[in-house]
Amino acid sequence: MGMKDTFYLSHGSPMLSIDGSIEARSFFQSWQDQVLKERPSSILVISGHWDTDEPFVNVVQQNDTIYDFYGFPKPMYKLKYTPPGAPQLAKRVKELLVASGFKTVHEDTKRGVDHGAWVPLMLMYPEADIPVCQLSVQSHKDATYHYNMGRALAPLKDEGVLIIGSGSATHNLRAMQPRGTPTASWAMEFDTWLKNALLDGRYEDVNEYKTKAPYAKQAQPWPDHFYPLHVAIGAAGENSKAKLVHHSWDHGTLSYASYQFRADA
């Protein structure tokens with residue numbers, strides 16, 4: 001059964017894994033009941049936490065849990081999320097990218113799932129029984145490059161693959177404030193611009209966000225957590241419609257805005 005939708009999910013802080021007071025946590029926990037009732041055959045995650053010079057896919061039989069964060073409460077390092085790998089999907093991703101002009105796509109035969117993948121997925125699919133593959137971003141490239149990467153991967157939807165871009169709609173960790181701090185105006189302006197551009201279908205503007213969006217450099221000092229969005233848009237199809245499926249704030253500057261993209265039939 002095919003997938004009609006692709007998604008960009010703001011995974012925010014790793015604390016999402018254990019902190020029930022984070023508003024977005026209930027959104028991820030309600031995933032199967034309220035967001036996507038269809039069960040995917042496998043999941044492809046493009047995470048902002050895997051950034052490489054050229055595209056990589058992880059080709060493993062079983063995913064290990066990668067604790068790619070520091071200084072958090074000890075219980076977080078005992079969490080395990082070890083879904084099956086998706087080596088056939090990884091090979092298919094490589095095949096599609098190469099056929100679309102991405103000359104070199106590497107295979108990593110040891111890497112598991114980073115927290116951009118396992119933290120949201122452990123809430124969305126706690127059974128960890130759906131095969132998961134990851135694809136890296138190339139932050140030294142531009143947004144259009146990642147949009148085209150998504151376009152190349154669009155056929156995967158017809159094969160039942162759920163394509164998820166995992167990042168953060170705003171991601172300036174140095175500007176984070178204590179919990180409960182009012183949302184900073186620059187973060188709000190960027191986030192609102194992004195929402196309006198996506199809902200209006202102005203994807204070319206989103207590809208050119210660095211010059212079109214207010215406070216782009218402040219909201220996304222590095223593009224690694226933003227480019228997964230462009231992959232999700234590209235994979236949805238030419239005339240896809242965007243829907244805001246969750247929105248909340250934390251730490252005054254961290255947007256958990258998450259979007260669904262559905263191809264226009």
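Predicted model: local features only at pLDDT ≥ 70, side-chain atom pairs only at ≥ 80, totals over all residues.
Buried means under 20% relative accessible area, exposed over 50% and partly exposed in between, with a 1.4 Å probe and protein chains only. Local features need pLDDT of at least 70, side-chain atom pairs count only at pLDDT 80 or more, and totals for chains, interfaces and linings use all residues. Residues are numbered from 1 along each chain as its sequence is written, and side-chain values use heavy atoms, leaving out hydrogens and water.

Helix α5 spans residues 143–153, and eight of its 11 residues are buried, so the helix is largely enclosed by the rest of the structure. Helices (H or I, at least four residues) and strands (E, at least two) are DSSP runs, numbered from the N terminus. Asp 142 caps the N-terminal end of α5. One of its side-chain oxygens lies 3.4 Å from the backbone nitrogen of Thr 144.

Asn 63 sits in the loop between β3 (56–58) and α3 (87–99). Its relative accessibility is 0%, so Asn 63 counts as buried. A polar atom of the Asn 63 side chain lies 3.2 Å from the backbone oxygen of Pro 84. Contacts (heavy atoms within 4.5 Å) were counted without residues up to four places away in sequence. On that basis, Asn 63 touches Asn 58, Tyr 81, Thr 82, Pro 83, Pro 84, Gly 85, Arg 111, Gly 112, Val 113 and Val 132.

How values were computed: Polar contact = N/O pair within 3.5 Å; in protein donor to acceptor, adjacent residues only side chain to side chain.
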